[in-house]
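This report goes through one structure, chain by chain and contact by contact. The sequence and the coordinates come first.

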Amino acid sequence: MIAITGHLSYWVTIFLMVAGLYLLMVSTNLLKKLVGLAILQSSVYLLYVAPGKLIGGTAPIVADGFTVYSSPLPHVLILTAIVVGVATLALGLALVVRIREAFGGIEEDEILAQVD
Amino acid sequence: MEQLIIHVLLAAMCVVVVAIAAQRNQFGVVVLFSIYSFLMATVMVALDAVDVAMTEAAVGAGVSTVLLLGALYLTGDTESKPTKRPLAPIAISIAVGCMLAYGMQGLPTFSDPHAPIHSHVAARYLELGPKETGVPNVVTAVLASYRAYDTLGETVVVFTAGVGVIALLGRAAGRLN
Amino acid sequence: MKSNIILRVIAKLLMPFMLIFALYVQFHGDFGPGGGFQAGIIVAGAIVFYGIIFGLSEMQRLMPERVVEIMMALGVLLYALVGLGGVALGGNYLDYFVLHAEPVHGQLRGIFWVEAGVGITVAGVMIKQFYMFAGRSREAEES
């Protein structure tokens with residue numbers, strides 16, 4: 001049987017990634033599409049940070065009395081990724097606002113019917 | 001005990017995502033997304049990533065929620081339409097999920113000290129970081145000193161997002177005051 | 001919302017604590033979790049909180065839009081200038097250990113100014129985005 005408890009964080013990552021992708025594909029509402037994209041991005045944060053954790057270790061801030069630290073490298077990458085993610089979300093929301101002003105609604109089928 | 005907390009929080013996150021998919025009221029979707037970001041920040045604390053947790057709480061549950069509420073007010077939509085016969089998206093999602101599950105078998109197990117993530121450069125940063133930079137927080141040392149170029153690029157990305165929003169929404173069109 | 005006395009009093013009580021906490025997170029990013037990004041967002045959160053309770057015109061008096069736009073660019077410029085300072089003093093771009101006689105002191109100085117630049121840019125961008133979204137009326141026509 002495929003490992004379950006040792007790999008639980010990966011299973012949850014896969015579920016969140018697939019759920020975000022499904023939300024992105026199936027929503028006709030543009031705002032919900034953006035929320036699905038944000039969920040897809042945050043599942044990647046979990047994918048990177050979970051393998052760096054050591055049970056019995058502590059946060060990577062060097063202090064007396066601790067010898068085992070969790071790995072600091074994925075934290076650095078994910079800090080950048082979070083900030084880039086919010087930048088993408090802000091630009092996407094600005095686009096949604098402009099689409100609403102140009103077409104009068106944010107449902108995808110209404111917009112496509114107007115364009116044709 | 002630590003693992004139990006992590007498992008419970010991860011299960012709660014899955015439940016919230018299912019609720020987001022089933023929710024049709026837009027305001028409910030935004031509030032559930034804020035709850036999801038808070039849960040993600042708590043999971044990050046349980047995984048010893050304290051810097052990431054603070055950033056995720058501030059950004060995901062703070063700024064993202066404010067921007068989503070602002071966009072929700074401007075678009076004025078409250079109900080999204082029900083989805084009909086989503087066969088192709090379900091098939092694609094399941095296919096992607098199976099491929100990811102197959103690829104996941106080769107990843108190291110949770111909390112494995114011999115995983116590649118703890119060797120090579122990470123051990124060097126943990127040992128020599130505070131001595132070379134004088135900063136005990138290794139994440140800040142790596143972010144601001146060892147990998148300062150990447151942080152410069154990230155700051156430029158944030159600036160570009162601000163400029164992009166100004167360019168899209170305009171400085172004088174339709175202002176309230 | 002400024003007609004409600006409870007909200008007004010609580011907002012005025014909370015704002016200095018939020019701003020002090022933002023400064024604490026910025027400067028203690030060396031010793032605990034924190035740093036430029038988190039501090040910038042907490043500052044933006046405090047100013048947006050003031051704007052939500054007291055209205056956009058009061059928020060404009062506190063932080064005029066020109067100041068916010070200048071903040072956006074100033075942080076990136078500060079970061080790039082720290083790098084050029086390394087070049088001017090004889091090292092490579094973004095070298096910190098030439099910034100002072102002792103290398104470790106130079107590192108601390110470099111990290112301080114770089115994080116300050118990041119914090120200023122992030123705060124400016126988030127406040128400006130709130131201005132853009134909240135200051136737009138619902139039936140705006142494009143020019």
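**Confidence**

The model is predicted. It scores ipTM 0.91 and pTM 0.91. For chain C the average pLDDT is 88, and 94% of its residues score at least 70. Helix 1 (residues 5-27) of chain C has the highest confidence in that chain, at 93, while helix 3 (residues 56-62) of chain C has the lowest, at a mean of 90. Where pLDDT is low, predicted coordinates should not be read in detail.

**Chain C**

Chain C has five helices and zero strands, and its pattern along the sequence is α-α-α-α-α. The radius of gyration of chain C is 19 Å, whereas a compact globule of 143 residues would come to near 15 Å. Along the principal axes, the C-alpha atoms of chain C occupy a box of roughly 60 × 40 × 20 Å. Of the 143 residues in chain C, 41% are buried. When contacts in chain C between residues at least 6 apart in sequence are considered, 62% of them link residues at least 24 apart.

**Chains A and B**

Helix 3 (residues 73-103) of chain A has 31 residues; at 1.5 Å a residue it should span 45 Å, and because its end C-alpha atoms are 45 Å apart, the two values agree. After helix 3 of chain A comes G104(A), which has a positive phi, near 85°.

Chain B is split into domain 1 (1-79) and domain 2 (115-170). The centres of domain 1 of chain B and domain 2 of chain B, taken over C-alpha atoms, are 24 Å apart.

**Contacts between chains**

Chain A puts 70 residues into its contact with chain B, and chain B puts in 75 residues. On the side of chain A that touches chain B, helix 1 (8-26), helix 2 (30-49) and helix 3 of chain A each contribute at least two residues. Helix 3 of chain A contributes the most to this side, with 22 residues.

Chain A also meets chain C, where five residues of chain A are in contact with five residues of chain C.

Terms used
Residues are numbered from 1 along each chain as its sequence is written. Chains are lettered from A and ligands numbered from 1 in the order in which they are written. This is a predicted model: local features need pLDDT of at least 70, side-chain atom pairs count only at pLDDT 80 or more; totals for chains, interfaces and linings use all residues. Two residues are in contact if their C-beta atoms, placed from the backbone, lie within 7 Å. Helices (H or I, at least four residues) and strands (E, at least two) are DSSP runs, numbered from the N terminus. The radius of gyration is taken over C-alpha atoms; the globule rule is 2.2 Å times the number of residues to the power 0.38. A residue is buried if 20 or more other C-beta atoms lie within 10 Å of its own, exposed if 12 or fewer, and partly exposed in between; C-beta atoms are placed from the backbone. pLDDT is the predictor's confidence in each residue, from 0 to 100. The expected span of a helix is 1.5 Å times one less than its number of residues. Domain bounds come from an automatic or database domain assignment.
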